[in-house]
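Thanks for coming. I have one structure to go through today, so please look at the screen and follow along as I talk.

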2 protein chains.
Amino acid sequence: MRAPYGLNILDNCLTCPVREEHLFCNLSVHAGQRLNDIKSTAVYPKGAMLFIEGQQPRGVFVLCAGKAKLSTSSREGKTIITKLSEAGDVLGLNSVVSNRPYEVSAEMMEPGQANFIPRESLLQFLKDHGEVALRVAEQLSRNYYTAYEEIRTLGLATSPSEKFAKLLLSWSTKTTQNDGAAQVKLMLTHEEIAEIIGTTRETVSRLFSEFKRRQLLQLKGSTLVIRNRPALEKIVQS
Amino acid sequence: MRAPYGLNILDNCLTCPVREEHLFCNLSVHAGQRLNDIKSTAVYPKGAMLFIEGQQPRGVFVLCAGKAKLSTSSREGKTIITKLSEAGDVLGLNSVVSNRPYEVSAEMMEPGQANFIPRESLLQFLKDHGEVALRVAEQLSRNYYTAYEEIRTLGLATSPSEKFAKLLLSWSTKTTQNDGAAQVKLMLTHEEIAEIIGTTRETVSRLFSEFKRRQLLQLKGSTLVIRNRPALEKIVQS
DNA sequence: GAGCGCTCGTGATGGTGATCACAAGCAGTT
DNA sequence: AACTGCTTGTGATCACCATCACGAGCGCTC
């Protein structure tokens with residue numbers, strides 16, 4: 001898997017510039033070298049499953065390019081999407097560290113590339129480099145916060161409209177907003193949005209209609225324009 | 001705060017025998033000694049708040065005696081209880097490690113005792129003892145799993161009865177069950193149960209009535225007897 | 001262009017649980 | 001015993017949203 005230097009599409013994958021707080025950035029030369037030795041890179045098509053909920057943890061995936069969605073399902077087929085991951089994210093870390101089955105499934109939403117670090121190698125690496133272990137702990141805490149945000153959304157927000165507004169706001173903060181109105185490239189189906197906020201596809205469709213009617217948002221092709229941000233915040237109000 | 005050896009009510013508090021996987025057990029002599037130096041012990045009455053959601057993290061609390069409930073609230077006053085902690089649990093670890101505000105409030109449900117370890121001291125301790133940092137990471141992963149279990153409960157289980165059954169089962173597995181029927185000391189009000197499963201007090205009352213009628217459970221004073229475990233599992237079915 | 005698969009819009013309907021309201025039980029205090 | 005505060009039981013009502021159903025739009029392939 002280790003290609004000669006310079007031949008990889010994204011050779012600096014482990015040190016993605018995308019995230020300043022990136023887990024494996026700014027390591028000592030020695031540690032960086034060793035990480036480079038135990039990682040392997042692969043390219044994935046859209047729809048590829050990096051891992052599936054319930055599987056024994058094989059290792060972690062460091063997403064270099066492409067987006068992935070993390071989801072968990074009930075036996076009856078109901079699915080919730082718990083996170084949308086982007087380049088720089090480390091997937092499967094919790095399972096590897098605690099040696100429990102993957103708690104979610106990870107599916108590529110578009111073609112991408114990821115580094116894989118086998119479980120045993122990573123754990124040995126962490127034992128040898130205590131300072132990295134602490135950073136792993138920090139990353140896990142951040143994951144924990146994300147999970148808690150999810151809990152608050154699912155448990156405290158009562159109505160679908162509240163959750164929907166919350167989701168829209170979380171999108172709009174990510175983008176550079178020019179004087180109030182924010183634009184977001186929408187690349188999710190209504191079905192997927194429904195799985196994020198825990199409702200049905202029909203309800204999401206109706207919410208779009210309603211919010212358009214109330215001038216809260218606008219749809220230009222596949223670009224979502226957030227009008228009237230304050231009104232959305234008022235709907236969320238938690 | 002450091003009492004002479006043997007004078008504390010629970011002097012071996014940091015090495016509680018309650019949990020085998022306890023975070024601060026089986027440390028090296030040196031590390032254990034140092035932990036002992038930076039910790040301080042306090043006694044809390046029922047209703048005492050160890051920390052409150054949104055506060056800057058002062059440090060972690062190692063619960064030695066008594067139970068505590070962790071909860072998060074929305075601005076409108078709706079509250080969900082996310083975890084019931086027992087002796088041996090470490091509270092506030094995530095916030096301290098990632099230096100973010102406490103994501104929950106911790107309230108003593110009965111009189112108890114806890115060790116406090118200030119944030120700075122703990123972080124320095126972890127930097128000096130890489131092997132403990134790894135164990136902290138493991139603990140954080142376990143917390144993460146608990147949070148995910150919560151997400152699955154809130155997001156995937158649709159009906160209150162499903163969540164209620166799930167809660168009952170989680171209680172019954174903790175107790176030694178003699179031939180099928182499990183007994184649990186019930187020390188929660190219906191209101192609190194409602195806050196755990198995310199519904200209303202009235203619905204919980206009705207669920208109790210219904211489950212009693214269907215012979216799924218029985219109430220002897222404040223002792224809850226789980227009859228017909230399989231039926232409960234069938235209700236959960238996820 | 002016909003056919004197929006996927007996504008989206010929207011109406012009709014019905015069940016379910018939140019909400020309101022009130023009474024009763026129970027413990028502790030004076 | 002009367003009072004107070006907290007908890008529990010239960011009825012009545014009603015909004016809301018899941019579900020079912022169907023048609024339309026759109027891109028793709030054969």
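This is a predicted model: local features need pLDDT of at least 70, side-chain atom pairs count only at pLDDT 80 or more; totals for chains, interfaces and linings use all residues.

At what angle do the axes of helix 6 of chain A and helix 7 of chain A cross? Roughly 105°, and the axes come within 8 Å. That makes helix 6 roughly perpendicular to helix 7 in chain A.

Why give an angle and a distance? Two packed helices are described by the angle between their axes and the distance between the axes.

Here are the residues behind that packing. From helix 6 of chain A we have His190(A), Glu191(A), Ile193(A) and Ala194(A), and they meet Arg201(A), Thr203(A), Val204(A) and Ser205(A) of helix 7 of chain A. Sorted by class, the residues of this contact are three nonpolar, three polar and two charged.

Now chain B. Helix 6 and helix 7 of chain B pack at about 100°, and their axes are 8 Å apart. An angle from 65 to 115 degrees counts as roughly perpendicular, and these two helices of chain B are therefore roughly perpendicular to each other. On the helix 6 side of chain B the contact uses His190(B), Glu191(B), Ile193(B) and Ala194(B), and on the helix 7 side Arg201(B), Thr203(B), Val204(B) and Ser205(B). The classes here are three nonpolar, three polar and two charged.

How are the two chains related? The same surface serves both copies, since 100% of the contact residues of chain B recur in chain A.

Next, the interface between the chains. There, 38 residues of chain B are in contact with 38 residues of chain A. On the chain B side, the elements giving two or more residues are strand 5 (79-85), helix 2 (93-98), helix 3 (119-128) and helix 4. Which of them gives the largest share? That is helix 4 of chain B, with 21 residues. The chain B side as a whole has 15 nonpolar, 12 polar and 11 charged residues.

Let us stay with helix 4, residues 130-156 in each chain. The axes of the two copies of helix 4, one from chain A and one from chain B, come within 9 Å and cross at roughly 15°. Angles under 35 degrees count as roughly parallel, and helix 4 of chain A and helix 4 of chain B are therefore roughly parallel to each other. The crossing of helix 4 of chain A with helix 4 of chain B is left-handed. This helix contact has 20 nonpolar, eight polar and four charged residues.

Last, the DNA. Around DNA strand C there are 14 residues, and the closest are Thr189(A), His190(A), Ser159(B), Thr199(B) and Thr203(B). Helix 6 and helix 7 of chain A, together with helix 7 of chain B, each give two or more residues to that surface. Helix 7 of chain A gives the most, five residues. By class, the surface near DNA strand C has two nonpolar, eight polar and four charged residues.

DNA strand D is surrounded by 15 residues, the closest being Ser159(A), Thr199(A), Thr203(A), Thr189(B) and His190(B). What gives the largest share of the surface near DNA strand D? Helix 7 of chain B does, with six residues. The surface near DNA strand D divides into two nonpolar, eight polar and five charged residues.

Key
Residues are numbered from 1 along each chain as its sequence is written. Chains are lettered from A and ligands numbered from 1 in the order in which they are written. A residue is near a molecule or strand if its C-beta atom, placed from the backbone, lies within 6 Å of it. Helices (H or I, at least four residues) and strands (E, at least two) are DSSP runs, numbered from the N terminus. Ala, Val, Leu, Ile, Met, Phe, Trp, Tyr, Cys and Pro count as nonpolar, Asp, Glu, Lys and Arg as charged, and the others, Gly among them, as polar. Two residues are in contact if their C-beta atoms, placed from the backbone, lie within 7 Å. Axes are lines fitted to C-alpha atoms, for helices over the stretch in contact, and angles run from 0 to 180 degrees between N-to-C directions. Angles under 35 degrees count as roughly parallel, over 145 as roughly antiparallel, 65 to 115 as roughly perpendicular and the rest as oblique. A crossing is left-handed if the near helix is turned anticlockwise from the far one by less than a right angle, and right-handed if clockwise.
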